[in-house]
Amino acid sequence: MTDAPILTVTNLSVAYEDMRTSHTIIDGVSFTLRKGEILGIVGESGSGKSMTCRALIRLLPSSRLKVTGGSVQLEGGGDVLALTPREMTGVRGRRIGMIFQNPASHLDPVMSIGRQIAESIRHHRGIGRAEAWARMLDILRQVGIPDPESRANAYTHEFSGGMRQRAMIAVALACDPDILIADEPTTALDVTVQAQILRLLQQLRDERGLSIIFITHDLGVVYQLCDTVAVMYAGRVCEYGPKDEVIHRPRHHYTAGLIACQPSSEGGTGPVHTIPGQPPNPADMPAGCRFHPRCEAANALCAKLQPSLDEAEPSHACACHHPVGMRTEAKT
Ligand SMILES: Nc1ncnc2c1ncn2[C@@H]1O[C@H](COP(=O)(O)OP(=O)(O)OP(=O)(O)O)[C@@H](O)[C@H]1O
Ligand code: SF4
Ligand SMILES: [Mg+2]
């Protein structure tokens, strides 16, 4: 990993709007991705992980969702949010590749895997059929699909879950992007195949200097794969920093709760810890810290004032009035 940022996201916000209602879904998300870095985004279902990444490539899942603020600076490419739709098509695929949460719905069932990838390469690169086909075979080989010459002619339904996921990675890498966004790419896979896919991503980072944003529910996967981690709660980043710092010394009470919920690595049989309560509905966000109705350390200040994401230590930021393990009497 180098220090040079390849993507700088500042105060990114997304809102939902229809005739009757409007509310914020993503609220002021900021983070930096460096060259060759693997950044994990974790959080419960509905915390805004997928929406944040879809906003980055301007592919929000409904016309009622709009980016309402912020900037997404791509190294050498300006603010992604200010690009024309035509310029954006060039960025998608060529600079940023994405593996979506549900791969089946993003692979074409009636076109062979090889043709899908080769067409995408031709479209982005403007090269001839034969050259695009050769490049496609090369990519299938890189992502570990055996015997690519014959597998290229297979259709999605003829691939196993793991092979389909590799095919998705191949589609995302077809145009040699600098950044790969992988939205829960291993959730549906068994543990052995999951480990193979994680190794593949690490190898792509090591060999090509690929920068990766990896979305997951699983802190164990973050620990294994990522350099840095952003924890999301109710549309905001509540903690952000180097993996070791965040996982071994969590500052936010939500992060500490998530860590306590992880099954013990020793396979203990004790009671499984859960965070009490439910995440809030975006149409009815609590005032103050959005986590306060579920937080054991909450006090009157937490219910009133939304904490900002401040650096608790250099490069380890946390949005909490009373961070875990810190003396906070003066603030109450
Ligand atoms: N098409 C949509 N229209 C309106 N709201 C949506 C839409 N898709 C998602 N949302 C809302 O946006 C918020 C963030 O959703 P998002 O899909 O980003 O969550 P997530 O963290 O990726 O969750 P999961 O882990 O379940 O994939 C949620 O409150 C969700 O209900
Ligand atoms: S700001 Fe208050 S409610 Fe929110 S996590 Fe910190 S202590 Fe808990
Ligand atoms: Mg999601």
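This is a predicted model: local features need pLDDT of at least 70, side-chain atom pairs count only at pLDDT 80 or more; totals for chains, interfaces and linings use all residues.
Colleague: What makes M88 partly exposed?

Modeller: M88, a residue of helix α2 (residues 85-94), has 16 C-beta neighbours inside 10 Å. A residue would need 20 or more such neighbours to be buried and 12 or fewer to be exposed, so M88 falls in between and counts as partly exposed. Leaving aside residues up to four places away in sequence, M88 touches R58 and L83.

Colleague: How do you know that D176 and E184 belong to the partly exposed class as well?

Modeller: The reasoning sets each count against the two limits, 20 or more for buried and 12 or fewer for exposed. D176 has 16 C-beta neighbours inside 10 Å and therefore counts as partly exposed, and E184, with 19, counts as partly exposed too. D176 lies in the loop between α6 and β7 (179-183), whereas E184 lies in the loop between β7 and α7 (191-208).

Colleague: What is the phi angle of D176, and what is that of E184?

Modeller: D176 has a positive phi of about 55° although it is not a glycine, and phi of E184, likewise a residue other than glycine, is positive and near 45°.

Colleague: Why is strand β9 described as largely enclosed by the rest of the structure?

Modeller: Six of the six residues of β9 (residues 228-233) are buried, so the strand is largely enclosed by the rest of the structure. Both faces are covered, with T228, A230 and M232 buried on one side and V229, V231 and Y233 buried on the other.

Colleague: What makes β3 and β10 partners of β9?

Modeller: Pairing requires at least two bridges between the strands. Strand β3 (residues 38-42) is joined to β9 by four bridges in the parallel sense, with I41 standing opposite A230. Strand β10 (residues 236-242) is joined to β9 by six bridges in the antiparallel sense, and there Y233 stands opposite R236 while V231 has E239 as its bridge partner.

Colleague: Why are β6 and β11 said to stand at the edges of their sheet?

Modeller: Eight strands form this open sheet, in the order β6-β7-β8-β3-β9-β10-β12-β11, and the pairing is mixed. β6 (96-99) and β11 (310-313) each have a single partner strand, so one side of each is left without a neighbour in the sheet. Neighbouring strands of this sheet are turned by 20° against each other on average, direction ignored. Helix α10 (residues 253-261) packs on the sheet, where it touches β3, β9 and β10, and its direction makes about 105° with that of β9.

Colleague: What makes β2 and β5 the edge strands of the four-stranded sheet?

Modeller: That open sheet has the order β2-β1-β4-β5 with antiparallel pairing, and β2 (22-34) and β5 (78-79) each pair on one side only. Nine bridges join strand β1 (residues 5-17) to β2, and one of the bridge partners is V29 in β2, which stands against L12.

Colleague: How do you know that the span of helix α3 is close to the expected one?

Modeller: Helix α3 (residues 113-125) has 13 residues and reaches 18 Å from its first C-alpha to its last, which is close to the 18 Å expected at 1.5 Å a residue. In α3, I113, G114, Q116, I117, A118 and I121 are buried, and what covers the buried residues includes α4 (129-142) and α6 (161-173). Just after α3, G126 takes a positive phi of about 60°.

Colleague: Which classes of residue make up the shells around ligand 1 and ligand 2?

Modeller: The shell around ligand 1 has six nonpolar, nine polar and one charged residues, and of its 16 residues S45, K49, S50, M51 and S62 come nearest. Helix α1 (residues 49-56) gives the largest share of that shell, three residues. Around ligand 2 there are eight nonpolar, five polar and no charged residues, and the closest of these 13 are C289, C295, A298, C302 and C320.

Conventions
Residues are numbered from 1 along each chain as its sequence is written. Chains are lettered from A and ligands numbered from 1 in the order in which they are written. A residue is near a molecule or strand if its C-beta atom, placed from the backbone, lies within 6 Å of it. Ala, Val, Leu, Ile, Met, Phe, Trp, Tyr, Cys and Pro count as nonpolar, Asp, Glu, Lys and Arg as charged, and the others, Gly among them, as polar. Helices (H or I, at least four residues) and strands (E, at least two) are DSSP runs, numbered from the N terminus. Axes are lines fitted to C-alpha atoms, for helices over the stretch in contact, and angles run from 0 to 180 degrees between N-to-C directions. Two residues are in contact if their C-beta atoms, placed from the backbone, lie within 7 Å. The expected span of a helix is 1.5 Å times one less than its number of residues.
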